[in-house]
Amino acid sequence: MTVMAMRSLYLLIDTVLGLYCWVVIAAAAMSWLIAFNVVNTRNPNVWTAHDFLYRLTEPVLRPIRRRLPDVGGIDLSALLVILGIFFARSLLAEYWPRY
């Protein structure tokens with residue numbers, strides 16, 4: 001691969017990881033808003049946004065939730081995913097080949 005193709009691949013992976021981090025944050029915020037009855041899930045737009053975020057994040061969050069111990073009803077899986085994304089982005093930046 002050429003140098004530009006490698007750099008482009010790095011930037012693509014980094015951007016996707018960054019966007020997914022924001023999706024996880026949005027899903028956590030949406031779940032809090034629903035839990036505290038701030039938003040009405042009977043509204044079709046709210047339900048669509050919640051369903052979209054749920055479908056994007058649940059495949060990653062569910063296995064983490066199963067392995068985490070119960071900490072009094074607090075869901076720490078989103079925090080662990082965000083920390084994992086930050087770690088992966090740091091590793092990519094540090095070890096991606098530069099020519």
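Tutor: Let us begin with a definition: a residue is buried under 20% relative accessible area, exposed over 50%, and partly exposed in between, with a 1.4 Å probe and protein chains only. By this rule Arg-89, with a relative accessible area of 27%, is partly exposed. Please note that this is a predicted model, in which local features need pLDDT of at least 70 and side-chain atom pairs count only at pLDDT 80 or more, while totals for chains, interfaces and linings use all residues. Residues are numbered from 1 along each chain as its sequence is written, and side-chain values use heavy atoms, with hydrogens and water left out.

Student: With which residue does Arg-89 form a salt bridge?

Tutor: A salt bridge is a side-chain nitrogen of Lys or Arg within 4 Å of a carboxyl oxygen of Asp or Glu. Arg-89 forms one with Asp-14, and the closest N and O atoms are 2.7 Å apart. Helices are DSSP runs of H or I with at least four residues, numbered from the N terminus. Asp-14 belongs to helix H1 and Arg-89 to helix H3, so the pair ties together parts that are 75 residues apart in sequence. Asp-14 is buried, at 15% relative accessible area.

Student: How many salt bridges does the structure hold, and which residues do shared partners join into one network?

Tutor: The structure holds 5 salt bridges. Glu-58 forms one with Arg-62, at 3.7 Å between the closest N and O atoms, and these two residues of helix H2 are 4 residues apart, about one helical turn. Glu-58 is buried, with a relative accessible area of 7%, whereas Arg-62 is partly exposed at 41%. Glu-58 also meets Arg-65 in a salt bridge of 2.8 Å, N to O. Bridges that share partners join Glu-58, Arg-62, Arg-65 and Asp-75 into one network.

Student: Is Ser-77 buried or exposed?

Tutor: Ser-77, which lies in helix H3, is buried, with a relative accessible area of 0%. A polar contact is a pair of N or O atoms within 3.5 Å; within protein, one must be able to donate a hydrogen and the other to accept it, and residues adjacent in sequence count only if both atoms are side-chain atoms. The side chain of Ser-77 has such a contact of 3.5 Å with that of Arg-65 and one of 2.7 Å with that of Asp-75.

Student: Which residues make up the largest nonpolar core?

Tutor: A nonpolar core is a set of buried Ala, Val, Leu, Ile, Met, Phe, Trp, Tyr and Cys residues joined through side-chain atoms within 4.5 Å. The largest one here has 8 residues: Cys-21, Val-24, Ala-28, Leu-61, Ala-78, Val-81, Ile-82 and Ile-85. Helix H1 (3-35) and helix H3 (77-95) are the elements that give two or more residues to this core, and H3 gives the most, with 4 residues. A second, separate core of 5 residues includes Val-23, Ala-27, Met-30 and Val-46.

Student: What is the phi of Asn-37?

Tutor: Most residues other than glycine have a negative phi. Asn-37 has a positive phi of about 55°, although it is not a glycine. Asn-37 is in the loop between H1 and helix H2 (44-67), and is exposed, with a relative accessible area of 68%.
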